[in-house]
Amino acid sequence: MMSFVPLLLVGILFPAIPAKQFTKCELSQELKALDGYRGISLPEFICTMFHTSGYDTQAMVENKGSTEYGLFQISNKHWCKSNQVPQSRNICDISCDKFLDDDITDDIMCAKKILDIKGIDYWLAHKALCSDNLEQWLCEKL
């Protein structure tokens, strides 16, 4: 029992999934390779991610029997695998919890698949909030 207590404390003090709350400029740097992908500009991506997840890698939203995960709010209904929706198509061939860590490489790969299949309108915020007046989403530090 004594060895369990230190292990429990380590688990509490150091969460298993490191998260990242990006700034606009940090995210712009991380998503620079997406600029122009499928005709979408970097400011459009930055705006869409702000309105989708608030730039938070640990954002999770329940949505009509499914859950959306991470920075890109990727749904476990079609794109990733979770216990909640075991019949998910898992198009990105990945566990949904991988979208909750601070390494967004796999998030970007799945987002590209979503863009290839569904386009930018998969993210509802894009059309409503990120189609024009995009200057505010530019980062001068790039």
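Author: Start with residues 92–110. The chain there is 32% helix and 0% strand, and the end C-alpha atoms are 5 Å apart. Helices (H or I, at least four residues) and strands (E, at least two) are DSSP runs, numbered from the N terminus. UniProt, in an unreviewed entry, places the feature "domain: Glycosyl hydrolases family 22 (GH22)" at residues 92–110. UniProt positions are given in the numbering used here, feature names are shortened, and annotations may be inferred rather than shown by experiment.

Reader: What should I know about the model itself?

Author: This is a predicted model: local features need pLDDT of at least 70, side-chain atom pairs count only at pLDDT 80 or more, and totals for chains, interfaces and linings use all residues. Residues are numbered from 1 along each chain as its sequence is written, and side-chain values use heavy atoms, with hydrogens and water left out.

Reader: How do I read a strand? Which way do the side chains of S2 point?

Author: In a regular strand the side chains alternate between the two faces of the sheet. In strand S2 (residues 66–69), Ser66 and Glu68 point one way, and Thr67 and Tyr69 the other way. All are buried, meaning under 20% relative accessible area; over 50% is exposed, and in between is partly exposed (1.4 Å probe, protein chains only).

Reader: In which sense do S1 and S2 pair?

Author: Two strands pair if DSSP finds at least two bridges between them. Strand S1 (residues 60–63) and S2 pair in the antiparallel sense, over 4 bridges. Met60 stands opposite Tyr69. On the S3 side, Tyr69 has Ile74 as its bridge partner. S2 and S3 (residues 74–75) run antiparallel, joined by 2 bridges.

Reader: How many aromatic pairs are there?

Author: A pair of aromatic rings is described by the distance of the centres and the angle of the planes. Rings of Phe, Tyr and Trp (its six-membered ring) pair if their centres lie within 6.5 Å; planes under 30 degrees apart count as stacked, over 60 as edge-to-face and the rest as tilted. The count is 5 aromatic pairs. Phe72 and Trp123 have ring centres 6.2 Å apart and planes at 55°, so this pair is tilted. Both residues are buried. Trp79 and Tyr122 have centres 5.9 Å apart and planes at 85°, so that pair is edge-to-face. Ring pairs link Phe72, Trp79, Tyr122 and Trp123 into a cluster.

Reader: Is Asp132 buried or exposed?

Author: Asp132 is exposed, at a relative accessible area of 53%.
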